[in-house]
Amino acid sequence: AKDSVTSLALGNHEILTASLDQRVRIYDIRYGKMSEDFLGHNLTFINLSNDLQCFLVGTLSSQLMLFDKVNGKLLQTFLDYTNNTYMIENAFSNDDQFVYSGSEDGRLICWSLLTGKEV
C-alpha cells in the first residue's frame with residue numbers, strides 16, 4: 001500500500017485490506033495473487049459478509065459502500081452517518097440482512113442491506 005492500511009478482514013483463503021491510498025486489496029493466499037480496486041475515497045474500515053460474497057467499506061467521506069467481492073461492482077451505498085475523522089467500525093448482521101455502523105455524531109445506525117434504507 002502507498003499509505004496506511006487502516007483495516008483488514010479475513011476470509012477462508014483471502015485477506016482484504018482497506019487503505020488511505022483509496023484502494024481495497026484482496027490477497028488470495030492459495031495462489032499468492034493480489035487484486036485491487038481503486039474506490040476514490042480514503043478507506044477506514046473493511047468488513048466481509050458472512051457468506052463471503054461481499055465486502056463493506058467505510059470512508060472518510062461519510063459513506064459506507066457495499067461491493068461484490070468477485071467483480072468489484074458497487075451494490076449499495078449507505079448514507080446519513082458521519083465519518084470524517086476517525087475509523088468507524090461497521091458490521092453485517094448474522095444473516096447478512098442488515099448493516100450496522102457507528103457514527104461520529106454518537107449514533108449507532110442500522111440499514112437494510114437490500115434497500116439501503118435506515119431501519
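The predictor's confidence in each residue is expressed as pLDDT, on a scale from 0 to 100. The structure described here is a predicted model, in which local features need pLDDT of at least 70 and side-chain atom pairs count only at pLDDT 80 or more, while totals for chains, interfaces and linings use all residues. Residues are numbered from 1 along each chain as its sequence is written, and side-chain values use heavy atoms, with hydrogens and water left out. For the protein chain, the mean pLDDT is 95, and 100% of the residues reach 70 or more.

The protein chain contains 11 strands and 0 helices, where helices (H or I, at least four residues) and strands (E, at least two) are DSSP runs numbered from the N terminus. Read from that end, the elements follow the order β-β-β-β-β-β-β-β-β-β-β. Of these elements, β2 has the highest mean pLDDT (97) and strand β4, residues 33-38, the lowest (95). The C-alpha trace spans about 40 × 30 × 20 Å along its principal axes. The radius of gyration, taken over C-alpha atoms, can be set against a globule rule of 2.2 Å times the number of residues to the power 0.38. For 119 residues, a compact globule would come out near 14 Å, and the 13 Å of the protein chain agrees with this.

Next comes the interior. Residues are called buried under 20% relative accessible area, exposed over 50% and partly exposed in between (1.4 Å probe, protein chains only). Of the 119 residues in the protein chain, 45% are buried. Contact means heavy atoms within 4.5 Å; among the contacts with a separation of 6 or more, 29% join residues 24 or more positions apart.

Nonpolar cores are sets of buried Ala, Val, Leu, Ile, Met, Phe, Trp, Tyr and Cys residues joined through side-chain atoms within 4.5 Å. The largest of them has 13 residues, and Leu-16, Val-24, Leu-39, Ile-46, Phe-55 and Val-57 have the most contacts inside it. Two or more residues of this core come from each of β2 (14-19), β3 (23-28), β5 (43-48), β6 (54-59) and β7 (64-68). Strand β5 gives the largest share, 3 residues. Another core, of 11 residues, lies apart from this one and includes Leu-64, Phe-78, Ile-109 and Trp-111.

Two members of that other core also take part in ring pairing. Rings of Phe, Tyr and Trp (its six-membered ring) pair if their centres lie within 6.5 Å; planes under 30 degrees apart count as stacked, over 60 as edge-to-face and the rest as tilted. The whole structure holds 3 aromatic pairs. One of them, between Phe-78 and Trp-111, is tilted, with 5.6 Å from centre to centre and 50 degrees between the planes. Because Phe-78 belongs to strand β8 (residues 74-78) and Trp-111 to strand β11 (residues 108-112), the pair ties together parts that are 33 residues apart in sequence. Both residues, Phe-78 and Trp-111, are buried. The rings of Tyr-81 and Trp-111 have centres 5.9 Å apart and planes at 85 degrees, so this pair is edge-to-face. Here, too, distant parts of the chain are linked: Tyr-81 sits in the loop between β8 and β9 (90-92), 30 residues from Trp-111 in strand β11. Tyr-81 is buried, as is Trp-111. Through ring pairs, Phe-78, Tyr-81 and Trp-111 are linked into a cluster.

With a disulfide taken as a pair of cysteine sulfur atoms within 2.5 Å, the count is 0. Cys-54 has its nearest cysteine sulfur, that of Cys-110, 16 Å away, which is too far for a bond. Cys-54 is buried at a relative accessible area of 15%, and Cys-110 is buried at 17%.

Finally, a few single residues round out the picture. Thr-17 belongs to strand β2 and, at 9% relative accessibility, counts as buried. Leaving aside residues up to four places away in sequence, Thr-17 touches Val-5, Ser-7, Leu-8, Arg-23, Val-24, Arg-25, Tyr-27 and Ile-46. Asn-12, by contrast, is in the loop between β1 (5-10) and β2 and counts as exposed at 68% relative accessibility. Gly-40, in the loop between β4 and β5, is partly exposed at 36%.
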